[in-house]
Amino acid sequence: MHIVVCIKQVPDSAQIRVHPVTNTIMRQGVPTIINPYDLFALEEAMRLRDKFGGEVTVLTMGPPSAEDSLRKALTFGANRAVLLTDRFFAGSDTLATSFALATAIKKISDTWGAPDLVFTGKQTIDGDTAQVGPGIAKRLGLMQITYAAKVTEYDAAEGSVTIERRAEGGTQVLKSKLPCLVAMLEGTNEIRRGTMADALRGARAEIIKWNAKEAGVEDLSKCGLKGSPTIVKRVFAPSPRAEKAKFIEIPEGGSLPDALIAEIFTRQPALEADLTELARGF
Amino acid sequence: MIDEKFDAIVVGAGMAGNAAAYTLAKRGLKVLQLERGEYSGSKNVQGAILYADMLEKIIPDFREDAPLERHLIEQRFWMMGDTSHVGLHYRSEDFNEEKPNRYTIIRAQFDKWFSSKVREAGALVVCETTVTELVQDAYGKVIGVKTDRGGGQIHADVVVLAEGVSGLLGTRAGLRKIPKPTDVALAVKEMHFLPQEVIEERFNIKGDEGAVIEAAGTISKGMTGMGFIYTNRECISLGIGCLVSDFQKGGESPYTLLEKFKKHPSVAPLIEGSEVKEYAAHLIPEGGYKAIPQLFGDGWVVVGDAAQLNNAIHREGSNLAMTSGRIAAEAIFQVKSRKDPMTAANLSLYKKMLEDSFVMKDLKKYKDMPQLLHVQSQNFFLTYPQLVNKAMQNFVRVDGTPKKEKQKLTMKSFTSARSWAGLFGDAFKLARAWR
């Protein structure tokens with residue numbers, strides 16, 4: 001079987017810094033990671049491959065530095081990695097992104113065989129739209145199952161896949177014809193730690209890089225900013241919390257708990273009154 | 001087991017490891033570098049000041065694309081009293097040169113850059129992989145490493161241990177002893193963000209210029225230690241460190257020292273209104289020449305912090321790390337090109353080359369200093385700074401006391417705190433250790 005997994009390189013939201021003066025996101029020095037949702041997609045794809053044989057091709061669109069994420073995917077155990085990178089793709093919204101990725105998947109089909117399954121994460125943590133996966137499915141005419149928790153069955157002969165889908169109020173078990181796009185939910189599996197051989201292969205591998213033309217894009221007006229009808233009206237940072245952590249000094253001969261409680265009561269006089277009231281009851 | 005053998009495996013991707021891996025790969029050796037962090041720099045902590053000369057010897061045109069913060073034009077030494085400091089400042093326009101001599105850097109960014117150069121040079125860099133054990137043959141020769149990944153045994157002719165200050169691998173393999181608490185300092189550091197122009201105004205600098213402050217005295221509460229304040233482009237690195245053995249004795253904890261250092265009236269205005277974005281702690285080898293472990297053996301060499309190569313007196317560490325990494329690589333290359341085996345006898349060339357360099361010469365010069373400062377820490381880090389600060393105040397305060405009387409009072413404050421013999425003894429010992 002052949003599975004294509006779409007991933008995205010995103011800033012590590014745990015380490016993101018908002019510039020204290022300009023309130024813009026400081027990208028310099030902020031580490032990038034594979035979009036966490038995509039890791040569940042990658043692991044689910046590799047489990048299927050390990051069970052039924054075949055290959056996992058990882059695809060991403062991004063700047064040349066997105067190569068790091070693909071290399072990491074190879075280190076986890078993916079078979080090959082394709083980077084879609086071109087200045088024509090810059091500024092893509094979800095419509096333009098799904099167009100570029102769908103085009104590239106066609107090219108992947110022509111080159112290494114048509115995929116039986118295409119995996120994506122449910123959404124990315126930097127855009128949070130959850131639109132790109134369904135967009136790809138629509139453009140390629142694939143079946144699609146979103147909010148997937150687990151692939152329970154895969155039947156190559158019948159050409160079907162059975163998936164547990166998390167829905168409001170319970171779990172749906174859905175069976176779909178192949179080829180199918182699966183958008184995976186978080187927390188559904190755990191990404192494996194690649195072996196030393198995988199790690200060496202990942203560090204050494206040549207990442208396949210396609211520009212728009214090489215990926216088979218004919219209509220450049222559907223790419224990047226040109227192909228993106230979405231308009232960003234305003235970007236703003238939420239106002240930071242005024243309360244700051246305070247360093248508490250322990251007075252001479254005092255104790256830490258006493259100092260701490262005193263500090264809490266100073267800030268929340270109502271709490272002290274309530275607790276005193278309560279204590280009186282005992 | 002991996003069916004592949006490397007010429008060299010470098011354990012660690014800090015300054016020493018990157019310098020070694022880069023030099024080896026440039027010389028055409030087949031190099032594997034293993035780093036436990038997510039990327040080179042993700043776990044590396046330093047003040048940090050970069051000394052250009054030592055990096056130039058490895059990457060001559062590093063200024064073209066390395067992420068540098070500010071080049072230093074001013075150095076301040078502060079002897080701290082409780083509410084004052086006596087300072088020695090050196091500032092020179094000469095440091096505004098075409099190729100500046102010292103820069104502040106942020107290691108997470110700098111090391112990432114250095115690592116990209118290592119890759120470009122042709123080394124295979126694998127991160128998120130911890131080397132758990134050195135593989136030794138029946139005769140004790142190191143022939144490879146085991147990692148925390150499945151099927152993780154990999155072989156090489158020589159292993160370069162650039163694993164950092166704690167030296168766990170070398171210790172585990174019985175090649176060395178774990179560093180003593182008297183030989184390592186624990187330093188804590190914060191990054192204080194401020195607008196660029198505020199930093200420039202407060203430190204009297206402009207453009208890419210930078211200033212640094214090294215501070216010692218009552219801030220370490222009688223422990224052997226120092227504080228530092230370095231200017232980066234948009235933030236100030238501020239930290240303090242003391243010997244682990246002094247922390248062990250009790251008293252102050254590292255974070256309270258840091259909090260008090262930040263509140264010192266000489267320091268507080270410099271960081272006022274800043275936002276702390278990062279907090280880090282790190283061990284620093286401070287044992288000097290006498291703490292250096294065995295540097296080479298059958299199939300291995302040790303470089304950088306792991307070899308305790310750090311000049312605490314001059315606050316130089318990363319340049320010794322880079323230089324030892326480069327020299328180890330050059331020695332390995334020489335042995336390799338003679339087609340000789342990587343035995344202890346052949347790898348002793350590394351130590352010889354290191355002894356001919358400034359690294360060992362500088363450390364040897366100060367070989368008695370760590371012991372002296374440690375034993376006399378109460379005097380050097382508490383009593384004397386207090387006396388000097390008091391004397392200085394006495395000198396500048398105009399209060400109608402006749403000058404001669406003031407002089408007498410000052411002398412008396414010294415002799416009552418420490419006998420004449422003690423004072424002369426300390427001065428003599430200090431001079432001898434410095435010589």
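Visitor: What covers the buried residues of H3(B)?

Guide: The cover includes helix H1 (15-26), strand S2 (31-34), strand S3 (49-51) and strand S7 (124-126) of chain B. Helices (H or I, at least four residues) and strands (E, at least two) are DSSP runs, numbered from the N terminus. Contact requires C-beta atoms, placed from the backbone, within 7 Å. This is a predicted model, in which local features need pLDDT of at least 70, side-chain atom pairs count only at pLDDT 80 or more, and totals for chains, interfaces and linings use all residues. Residues are numbered from 1 along each chain as its sequence is written, while chains are lettered from A and ligands numbered from 1 in the order in which they are written.

Visitor: Which residues in H3(B) are called buried?

Guide: Buried means 20 or more other C-beta atoms within 10 Å of the residue's own (exposed: 12 or fewer; partly exposed: in between). In H3(B), Arg107(B), Ala108(B), Phe110(B), Asp111(B), Phe114(B), Ser115(B) and Val118(B) are buried. Seen down the axis, these residues fall within an arc of 160 degrees, so they line one face of the helix. The arc is taken from the directions from the helix axis to the C-beta atoms.

Visitor: What makes a nonpolar core?

Guide: It is a set of buried Ala, Val, Leu, Ile, Met, Phe, Trp, Tyr and Cys residues joined through C-beta atoms within 7 Å. The largest has 129 residues, and Val160(B), Val301(B) and Val303(B) have the most contacts inside it.

Methods:
Two residues are in contact if their C-beta atoms, placed from the backbone, lie within 7 Å.
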